[in-house]
Amino acid sequence: MRRYIKTVFIASLILSVGVSACKDEKKTPVKKEVAEKVKAKKESSKTETKAEPVVAKKKLKPVVEQVPNKYFLILASFQNMKNAERLQQKLTKDGYNSEIIEAANGFHRVSYKAFSDRTLAFQELKSARASEEHKENWLYIKR
């Protein structure tokens with residue numbers, strides 16, 4: 001008998017929750033006069049051929065937040081700043097986005113590529129090291 005009461009109670013509870021969740025919101029009745037006025041306005045605006053001025057909409061440019069580069073592929077490191085500047089100029093002539101990064105130990109690191117994404121930086125390092133020419137390259141992570 002107790003088991004029967006429990007199942008009836010649970011079934012009624014589930015049913016009441018389900019029914020209360022499915023109720024539609026009450027809609028307020030619209031007066032007949034208001035509905036007719038709205039219909040008349042819609043029909044009259046369709047039949048009239050007034051030339052309405054065209055308003056140019058402003059195109060909003062999306063706000064793109066630039067992430068600063070944190071990963072740099074280093075080609076060489078120099079104690080002498082002039083040597084670092086010479087290599088940077090050569091790399092810029094070759095089409096690379098080269099930067100000189102000052103190290104705490106007084107060296108000047110010359111990068112030839114910079115990344116904001118870690119995985120892309122490591123993929124590029126791996127592909128660069130595959131060639132004999134760039135076997136000595138390394139990745140600097142700016143903190």
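Helices and strands are DSSP runs, numbered from the N terminus. The structure shown is a predicted model.

**View 1. Asn137 in the loop between α4 and β4.** The helix α4 spans residues 118–129, the strand β4 spans residues 138–141, and Asn137 is found in the loop between them. Asn137 has a relative accessible area of 2%, and because buried means under 20%, the residue counts as buried.

**View 2. The surroundings of Asn137.** Leaving aside residues up to four places away in sequence, Asn137 touches Ile74, Leu75, Tyr112, Leu125, Ala128 and Arg129. With one of these residues, Tyr112, the side chain of Asn137 makes a polar contact, side chain to side chain, at 2.7 Å.

**View 3. The salt bridge of Lys113 and Glu124.** Two salt bridges are found in a search of the whole structure.

**View 4. The salt bridge of Glu132 and Lys135.** Side chains of opposite charge can pair when their charged atoms come close. In the salt bridge that Glu132 forms with Lys135, the closest N and O atoms are 3.7 Å apart. Glu132 is exposed, its relative accessible area being 65%, whereas Lys135 is partly exposed, with a value of 47%.

Terms used: Residues are numbered from 1 along each chain as its sequence is written. This is a predicted model: local features need pLDDT of at least 70, side-chain atom pairs count only at pLDDT 80 or more; totals for chains, interfaces and linings use all residues. Side-chain values use heavy atoms; hydrogens and water are left out. Helices (H or I, at least four residues) and strands (E, at least two) are DSSP runs, numbered from the N terminus. Buried means under 20% relative accessible area, exposed over 50%, partly exposed in between (1.4 Å probe, protein chains only). A polar contact is a pair of N or O atoms within 3.5 Å; within protein, one must be able to donate a hydrogen and the other to accept it, and residues adjacent in sequence count only if both atoms are side-chain atoms. Contact means heavy atoms within 4.5 Å. A salt bridge is a side-chain nitrogen of Lys or Arg within 4 Å of a carboxyl oxygen of Asp or Glu.
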